[in-house]
Amino acid sequence: MGATEMTMTGEKTLTGTSRAAAPSNGWDVERIRTDFPVLHQTVNGKPLVYLDNGASSQVPQVVIDRGSIYLEQEHSNIHRGVHYLSQRATTAYEGAREKVKRFINAREAKECIFVRGATEGINLVMHGYGRKFIGAGDEIIISAMEHHANIVPWQMLCEEKDAHLRVIPMNDAGELLLDEYDALLNGRTKFVAVTHVSNALGTVNPVKEMIAQAHKYGVPVLIDGAQSAPHMPVDVQDLDCDFYAFSGHKMYAPTGSGIVYGKAEILERMNPFQGGGDMIKSVTFEKTTYAGLPNKFEAGTPAIASQIGLGAAIDYLNSIGREQAAVHEHELLRYATERVSAIERVRIIGTARDKASVLSFVIDDIHPHDIGTILDQEGIAVRAGHHCAQPVMQRFNVPATARASFAFYNTKEEVDILASTIEKVIEIFS
Amino acid sequence: MSELSELYQQVILDHNKKPRNFRKLETANHKAEGYNPLCGDQLTVYLSLENDAVRDIAFEGSGCAISKAAASMMTQAVKGKSKQEAEKLFTEFHRMVTGELNEELEANSLGNLRIFAGVRDFPVRVKCASLPWHTMLAALQNKGTISTE
């Protein structure tokens with residue numbers, strides 16, 4: 001595979017899979033795929049079918065190029081240099097921050113703190129906000145479908161402060177029970193942390209309503225946007241969330257990039273996260289004062305090249321049309337759900353009405369590990385395991401699931417390959 | 001899929017479907033638990049040791065086909081062996097699945113355990129095959145609970 005083919009309009013394209021049918025809804029997935037060099041390879045003699053986007057997404061050539069150009073031509077340490085390269089690097093880095101601000105519609109760029117991913121962002125909030133404002137007897141509400149990154153930091157905080165974790169339960173479809181959420185909110189609640197989209201189930205939570213509900217009690221809300229930022233527009237002012245964290249490597253940017261957004265007035269009141277250079281105003285051995293936003297939360301030399309790559313990824317997403325990308329992804333998920341749930345002995349885990357990207361499934365008597373290995377032999381990359389969401393696995397009484405997670409560069413043909421290989425798995429084990 | 005058929009051979013699929021010695025051992029005087037946190041494989045190995053020999057052995061647990069088949073065939077191979085023979089089998093099996101021992105060329109007592117040689121082409125699955133053996137060794141040596149991580 002990887003042969004050069006002629007399209008109907010005479011353009012040359014590189015295809016990693018068999019020639020697709022005419023593009024639906026104007027989304028030319030084959031052309032989009034040419035933007036992603038990694039997709040055009042074979043695995044175990046078969047074309048790569050990359051369905052592990054929930055774990056990490058692939059990077060388009062323009063983003064790779066932007067990072068390379070930075071390292072080839074612009075690199076120097078940022079912020080304090082008087083020389084030309086330092087100014088160029090700073091401009092590129094702060095330019096990426098501006099792009100993020102527009103991407104999530106933050107009021108100010110200084111509300112967008114660069115971190116290496118959602119996990120670090122959530123830990124930043126736990127240390128900067130939680131450790132300062134949450135005390136003994138206070139309650140923190142999270143949901144039953146959280147990724148460990150949005151569970152463990154709060155557990156650590158509760159242990160340190162003798163506070164209590166409360167968990168919003170979900171139904172068998174993987175939808176949060178909002179009445180239970182309402183009931184959990186009370187005078188002792190001091191924080192709510194909830195995922196926008198579940199990485200294990202694909203459930204899209206009604207976070208805008210949940211945020212409004214918490215705000216009635218004066219409770220701030222952090223949203224884990226790791227699985228939503230790649231797949232849907234995010235407007236932090238419209239959501240009115242107090243914090244929003246997401247990872248660059250899940251939205252077509254390099255690893256080491258990501259953002260935690262916070263409302264300026266909250267960030268101002270918080271303690272810093274890490275101490276060191278750049279986050280200070282002045283240092284003596286007697287007293288040190290901290291810098292303003294965003295620098296207060298960006299100690300040390302950041303992953304400059306990666307964050308510039310995040311800016312380039314945002315430009316790329318804006319250029320391809322996010323609405324059409326979302327329509328294509330929804331169609332992929334709908335089609336995949338239809339094909340996979342039709343296979344006997346296969347059970348879909350996570351059947352909420354409102355879902356994005358993720359198709360988790362189990363097969364009677366066949367362990368996800370075995371499913372994943374056999375799929376891999378056919379070139380299909382899925383994730384098999386607990387997906388850093390062990391409580392979700394326990395809730396659904398499974399040791400693990402196999403998870404296919406889609407991006408806008410996946411095709412219907414890849415879904416067909418997934419479905420027929422699942423049938424092959426069942427055949428091998430019967 | 002010829003490499004896959006190396007891993008999921010009929011014998012292995014059979015032992016996964018009908019694992020041998022798959023029960024709790026009431027007469028056990030040694031036992032250990034093994035756990036692979038990456039994929040959720042977990043098992044308990046029960047031993048009845050008498051005069052430094054494995055009089056009886058059984059296992060319980062849940063996990064992937066490779067771990068279940070490995071556990072099943074492990075109990076068959078180890079039953080009736082002396083403690084030293086069981087430890088020797090452990091070393092040979094472990095060296096085979098990690099690619100150190102060429103089971104065709106180097107003298108060994110693995111017998112039909114050689115069917116797991118294919119695992120070394122699937123590095124991610126080596127821990128699945130070796131977990132039951134590590135657990136058995138822990139039971140022999142009274143080590144309690146072990147984890148692959």
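This is a predicted model: local features need pLDDT of at least 70, side-chain atom pairs count only at pLDDT 80 or more; totals for chains, interfaces and linings use all residues.

Entry 1: I started with strand E16 of chain A, residues 358-363. E16(A) pairs with strand E19 (residues 401-405) of chain A in the antiparallel sense, over 4 bridges. I then checked strand E15 (residues 346-349) of chain A, and E15(A) also runs antiparallel to E16(A), with 4 bridges. Phe361(A) is a handy landmark here: its bridge partner in E19(A) is Ala402(A), and Phe361(A) is also the bridge partner of Ile348(A).

**Entry 2: how covered is it?** Is E16(A) mostly covered or mostly open? I counted 6 of its 6 residues as buried, so I wrote "mostly covered", given that a residue is buried if 20 or more other C-beta atoms lie within 10 Å of its own. In a regular strand the side chains alternate between the two faces of the sheet. I therefore looked at each side in turn. Val358(A), Ser360(A) and Val362(A) are buried on one side, and Leu359(A), Phe361(A) and Ile363(A) are buried on the other.

**Entry 3: two helices.** Next I looked up helix H12 (residues 368-377) and helix H14 (residues 412-429) of chain A, which pack at an angle of about 120° with their axes 10 Å apart. That angle makes H12(A) oblique to H14(A). The contact uses Ile371(A), Ile374(A) and Leu375(A) from H12(A), with Thr421(A), Lys424(A), Val425(A) and Ile428(A) from H14(A). I noted the crossing of H12(A) and H14(A) as right-handed.

**Entry 4: an open sheet.** In which order do the 7 strands of the open sheet run? I read E6-E12-E11-E10-E9-E7-E8 in chain A, with mixed pairing. Strand E6 (112-114) and strand E8 (164-168) of chain A are the edges, each pairing on one side only. The twist averages 20° from one strand to the next. At the E6(A) end, 3 bridges join E6(A) to strand E12 (residues 258-262) of chain A, and the two run antiparallel. Ile113(A) has Val260(A) as its bridge partner in E12(A).

**Entry 5: stepping back.** Chain A holds 14 helices and 19 strands. Its radius of gyration is 22 Å, close to the 22 Å that the globule rule gives for 430 residues, so chain A is as compact as a globular protein of that length. Buried residues make up 50% of the 430 residues in chain A.

Terms used: Residues are numbered from 1 along each chain as its sequence is written. Chains are lettered from A and ligands numbered from 1 in the order in which they are written. The radius of gyration is taken over C-alpha atoms; the globule rule is 2.2 Å times the number of residues to the power 0.38. A residue is buried if 20 or more other C-beta atoms lie within 10 Å of its own, exposed if 12 or fewer, and partly exposed in between; C-beta atoms are placed from the backbone. Two strands pair if DSSP finds at least two bridges between them. Axes are lines fitted to C-alpha atoms, for helices over the stretch in contact, and angles run from 0 to 180 degrees between N-to-C directions. Angles under 35 degrees count as roughly parallel, over 145 as roughly antiparallel, 65 to 115 as roughly perpendicular and the rest as oblique. A crossing is left-handed if the near helix is turned anticlockwise from the far one by less than a right angle, and right-handed if clockwise. Two residues are in contact if their C-beta atoms, placed from the backbone, lie within 7 Å.
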